[in-house]
Amino acid sequence: MNYTDYIVEQAQKILAIDSPSGYSKDVISYLQKEYQDMGYETIITNKGGLLVHFGGEDQEDGILLETHADTLGGMVSEIMPDGRLKLQPIGGLTAANCETEHCRIITRFDGSYEGTFQLQDASVHVNKNAVTDVRSFDNMEVVIDEKVFTEEDVRKLGISEGDVICMCPRTVYTRSGFLKSRFLDDKLSVAIALGTARYLKEENVKLPRDTWQHITVYEEVGHGGAASVPAGITEAISIDMGCVGSKVRCTEYQVSICAMDSRSPYNYDLVTKLVRLCREHGIDYAVDVYPHYGSDVDVTLSAGNDIRHGLIGPGVYASHGYERVHRDGIENCFRLLKAYLMDTEK
């Protein structure tokens, strides 16, 4: 099997399942079934995340792989008198980046509705300031794709304050090997871990260290990795996106190894091990410092866990926007993850 093809296929399926932070049950249900179908033991945490046990020999020097299935999104904060909706962002969603995006409004009891996130008075032939106005959540709104003209019309549909708003991912996989979508952060890494799990089963790989995966569901709001660390874990790695942009080296074709983010340096010895593995296995990589970044494993340490920590991920351009990666970056991350899980050097 070509596991990179499988990862891309699974990424597209996972990306199609709405899951803003706090609304994760559908994607976790899908992922739990996929892992169980492979024969893995799974546990749903009280917070709604998913623990997957890969197994392994050394029970006292275990590994925890952390990925997150939650994404940016929004919540209905106000229903306007004209039937439009005001949005409160979930996580680091930005108003300008989501302009004209198709979206879904998920009600608690009455199904879902579709709409578009637009500037108020968006017609340029009517509003002369439509081009120059600064986009913010104060002057943008969700236009519902229903015949509604008043607040009462909207409430009759079952839409209410506190309903979740999901932006359409617009996932595309090009002939040249680029995967483009909202929310590659971090559903792509969930797919990479899923592909790794399938590889371990199909190739009958015996891991030297007891290994777990935690798929968290509150990373984008800052507390995803704060709990649910299994016994015996001494080392944890977040598999998240590698940043691509000015003043960093990583590209969309590489795996990123983060040496330091906005919170602290990552464990020096673990970062060194990851670099060594890339060199030994001919994996294309970059080491970078990310000044505006935090990860699940940062939170795991902040919660008081005594572990070594690291961060890797495929290089992703336009983070928290319409993101892009190349299959080379996906494959390099997959290869590093396999090499790391099989490494026995202390």
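This is a predicted model: local features need pLDDT of at least 70, side-chain atom pairs count only at pLDDT 80 or more; totals for chains, interfaces and linings use all residues.

Trainee: How many residues does H7 have, and what does it reach from end to end?

Mentor: H7 covers residues 327–342, which is 16 residues. From first C-alpha to last it reaches 23 Å, close to the 22 Å expected.

Trainee: And H4, what are its end C-alpha atoms apart by?

Mentor: The 19 residues of H4, 184–202, should span 27 Å, and the end C-alpha atoms are 26 Å apart, which agrees.

Trainee: Is H4 enclosed or open?

Mentor: H4 is largely enclosed by the rest of the structure, because 16 of its 19 residues are buried. Just after H4, Asn204 has a positive phi of about 55°.

Trainee: Back to Phe334. Which ring does Phe334 pair with?

Mentor: The structure holds nine aromatic pairs. In one of them, Tyr3 and Phe334 are tilted, with 6.1 Å centre to centre and 40° between the planes. Tyr3 lies in helix H1 and Phe334 in H7, so the pair ties together parts that are 331 residues apart in sequence.

Trainee: Are those two buried or exposed?

Mentor: Tyr3 counts as buried at 8% relative accessibility, and Phe334 is buried with a relative accessible area of 4%.

Trainee: Which residues make up the cluster linked by ring pairs?

Mentor: Tyr3, Tyr199 and Phe334. The charged end of Lys338 also sits over the ring of Tyr199, 4.6 Å from its centre.

Trainee: What lies over the face of Tyr6?

Mentor: Arg198, at 4.6 Å from the ring centre.

Trainee: Strands now. Where is Ile106?

Mentor: Ile106 is in strand S6, residues 101–106. Ile106 is buried, with a relative accessible area of 14%.

Trainee: Why does 14% count as buried?

Mentor: Because buried means under 20% relative accessible area, and Ile106 has 14%.

Trainee: What is Ile106 in contact with, beyond its sequence neighbours?

Mentor: Its contacts include Asp18, Tyr23, Ser112 and Asp163. Ser112 is also the bridge partner of Ile106 in S7.

Trainee: How do S6 and S7 run, parallel or antiparallel?

Mentor: Antiparallel, joined by six bridges. S6 and S7 form a hairpin with five residues between them, and Gly111 in the turn has a positive phi of about 75°.

Trainee: What about S7 and S8, how many bridges?

Mentor: Five bridges, and those strands run antiparallel. Leu119 has Met140 as its bridge partner in S8.

Note on methods:
Residues are numbered from 1 along each chain as its sequence is written. Side-chain values use heavy atoms; hydrogens and water are left out. Helices (H or I, at least four residues) and strands (E, at least two) are DSSP runs, numbered from the N terminus. The expected span of a helix is 1.5 Å times one less than its number of residues. Buried means under 20% relative accessible area, exposed over 50%, partly exposed in between (1.4 Å probe, protein chains only). Contact means heavy atoms within 4.5 Å. Two strands pair if DSSP finds at least two bridges between them. Rings of Phe, Tyr and Trp (its six-membered ring) pair if their centres lie within 6.5 Å; planes under 30 degrees apart count as stacked, over 60 as edge-to-face and the rest as tilted. A charge sits over a ring if NZ of Lys or CZ of Arg is within 6 Å of the ring centre and within 35 degrees of the ring normal. Lists of a residue's contacts leave out its neighbours within four places in sequence.
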